[in-house]
Amino acid sequence: MTTVTDDKRATPPTGAAYWVRKNLFRSPLDGAITVVFGSLSIYLLFRAVMFVFVNARWEIIRVNLKLLLVGRWPSDELAVLAISFAVLGIWGGMVAGIIAGRQRQAGTSEAAKMTPSQRTSDLVRRFGLIIATILLLLLLTTGSGPWLAMLITLVGAVSGYWLGRMIGSRRLGSAGNWALTLVMLAIPVAIFFYMTSSVPLAEWEGFMFNLTSAAAGIALSFPIGVLLALARRSKLPLLKSTAIVYIEFVRGSPLFVLLLLANVSLEFFVPEALAPSKVVRAIVTFTVFSAAYIAEIVRGGLQSVPNGQSEAAKALGLSPYKQTSLIILPQALRAVIPAQIGQFIALFKDTTLAGVALGILDLLNGAGAITQQPDFRGQGLIIEALVFVAFLFWVGSFTMSRESQRLEKKLGVGIR
Amino acid sequence: MTDINSEVFADATAVQGDVMIELIGVDKFFGSFQALTDINLKIARQEVVVVIGPSGSGKSTMIRCINRLEEHDAGRIIVDGVELSEDVKNIQEIRRETGMVFQQFNLFPHLSVLDNVTLAPKQVRNMPKKEAEDLGMELLTRVKIPEQAKKYPGQLSGGQQQRVAIARSLAMTPKVMLFDEPTSALDPEMIGEVLDSMKDLAKEGMTMIVVTHEMGFAREVADRVVFMADGQIVEVGTPEHFFTNPQEERTKLFLSQIL
């Protein structure tokens, strides 16, 4: 064996010039591709920047911001929104805090291992986009109310986080854990009822409709989808065939058609007075639709868990229910996180279909409506309106996708 | 109850003490393929029985029938006085008393090593968490890997994983341990550590049925060796009888191939 002497050991070349040569101009073809795509990108970027900062007339958004975000929510009930938002902030902070506290206690916390600067950049990466978006929206508002509400929400979220961490790092026993879970589940439900007592669900509009109907659809369709997936793998023929028929029927129809059906067909079955509002119909349809997809995704996950897992669970004497809930499902759900989040993102974006199919003034419909206002009619401002709509949906979807990657990495511990 | 074995295998099957496991005329089919044919076997309390035979001879199927991972089609299986039947309660009861160690370990990858071990005591026996964790640490110490308790199975070597699997089974304080080729998936240098754990267990008086290709283990630890071929028990005897003076042609052929 020859030894490598120090003078022979080449140091890897560094520097900007080297990077450019290696990555952009390695061969004539590379160079050509770089030049063509580079100039195309620069051109598109230039046009986009010109549009956003110079040509676009954002006045239409600024004037109609409230309509786009919360529809025709009564102006004198805006305090209800502010209070709800603040409580939701405290709740969100507490949930995050409890999880962080638990992880610290269990020694699985990633954050605890980070230096303060790593932690800051991690937080910026996670929440920077949302905070920047909220700031942008605040800049478009008039008056001090929204600023005040957001400030209270921010303070609430931070103090909620610390409170949650304090609770989360205590051992509560199983009764305490149950109570805590119940309280944490009850809070969003309570906020919901508080809000509907002020403005009925039927009148929820704007981006708020998209957000809440997506959240409700996700929260309801997930457990139903899991149960459907388990039913489809059941040995009981009736259960199994019911699940198959449901899944295949729903997956075989376009969501838009189901929404249109929900709009007209219910009158055949229930009297007009009892018929649910359009918003409820939309949420039910989203749930029905999404559950079928979740079921197929989860079924894929269930199939990916090796047979030996259920054999080992059986051999230990676990009951069939515990075999599924403690051993099989946790592994199955982990395996399909990306697909599940993908389905949630799709549902979030598909809420715009309800606006058109059911005639709800959601974000997209609102964006169309404002271009018909006397002040803005016939000026081609639909582009500004649609760009704004696309931007808000992108922020939501991108955040979900980011969090999904985080969750995947986090839960991947030990699976490698 | 008549002892069917006694005619066929003379005194080699004569069971001393009380019977822990009894298989009487057990048949098992996979579709039209008969995996087990008329299996008769009695195993005494504290006895260590090693089952050997060529692959596909039904060794694994036989022990998997004992805790109902496979359902036998004819005959009777009685574990510590409880007969396996369709009754789910019966099956659960037998599984609680019967530990099993698999060729592929089958540890739960989403749970830490300690959680793997404490899961069954907590969930099946309703043992308080603290008590279960003390028991878990004690068992991990017994298989000599207490320092791995907080890790996940994927971070352990094969030999360590298999020892966790043994600890996991022991946590239910079973009356019988079934080993289904516990060292076949291991790198050679890790076989010894697993066999050592099994030897300790045998010394402590555990009733064990071990399907294995480790003839050294059979010779050293087994009270009796069962040789199976084509879904039937061909010969049963003490290790001494078995390795020095096998009677059946099929046994002699098998031993000449592997020794």
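Predicted model: local features only at pLDDT ≥ 70, side-chain atom pairs only at ≥ 80, totals over all residues.

Trainee: Why does chain B agree with a compact globule?

Mentor: Chain B has 259 residues, so the rule expects a radius of gyration near 18 Å, and chain B has 18 Å, which agrees. Its C-alpha trace spans about 50 × 45 × 40 Å along the principal axes. Within chain B you'll find ten helices and ten strands.

Trainee: How do you know that chain B and chain A are in contact?

Mentor: Contact needs heavy atoms within 4.5 Å. By that test, 25 residues of chain B are in contact with 22 residues of chain A. The two chains bury about 2100 Å² between them, with 59% of it on carbon and sulfur atoms. There are also seven residue pairs in polar contact across this interface.

Trainee: Which elements of chain B supply at least two residues each to the side that touches chain A?

Mentor: Helix H3 (88-97), strand E6 (98-101), helix H4 (113-124) and helix H6 (158-170) of chain B do. H4(B) gives the most, with four residues. By class, that side of chain B has eleven nonpolar, nine polar and five charged residues.

Trainee: Now chain A. What domains is chain A divided into?

Mentor: Domain 1 (27-55), domain 2 (57-73 + 201-416) and domain 3 (74-198). The C-alpha centres of domain 2 and domain 3 of chain A lie 23 Å apart.

Trainee: How many residues of those two domains are in contact?

Mentor: In chain A, 22 residues of domain 2 are in contact with 24 residues of domain 3. Domain 2 and domain 3 of chain A bury about 2000 Å² between them, 71% of it on carbon and sulfur atoms.

Trainee: Why is the pair A:Arg126 and A:Glu403 called a salt bridge?

Mentor: Try the cut-off of 4 Å again. The side chains of A:Arg126 and A:Glu403 meet at 3.0 Å, N to O, so the name holds. Across the interface of domain 2 and domain 3 of chain A the rule finds two salt bridges, and five residue pairs there are in polar contact.

Trainee: Which helix gives the most to the side of domain 2 of chain A that touches domain 3 of chain A?

Mentor: H17(A), with eleven residues. Helix H3 (59-70) and helix H17 (382-411) of chain A each supply at least two residues of that side. Its classes are 14 nonpolar, one polar and seven charged residues.

Trainee: What makes A:Arg251 and A:Glu296 a salt bridge at 3.8 Å?

Mentor: The value of 3.8 Å, N to O, is within 4 Å, so the pair counts. A:Arg251 is in helix H9 (residues 237-251) and A:Glu296 in helix H12 (residues 278-304) of chain A, 45 residues apart, so the pair links distant parts of the chain. Over all chains, the count comes to 24 salt bridges.

Key:
Residues numbered from 1 in each chain as written. Chains lettered and ligands numbered in written order. Heavy atoms only, no water. Domains from an automatic or database assignment. Buried area = accessible area lost by both parts, 1.4 Å probe. Polar contact = N/O pair within 3.5 Å; in protein donor to acceptor, adjacent residues only side chain to side chain. Nonpolar A, V, L, I, M, F, W, Y, C, P; charged D, E, K, R; others polar. Rg over C-alpha atoms; globule rule 2.2 N^0.38 Å.
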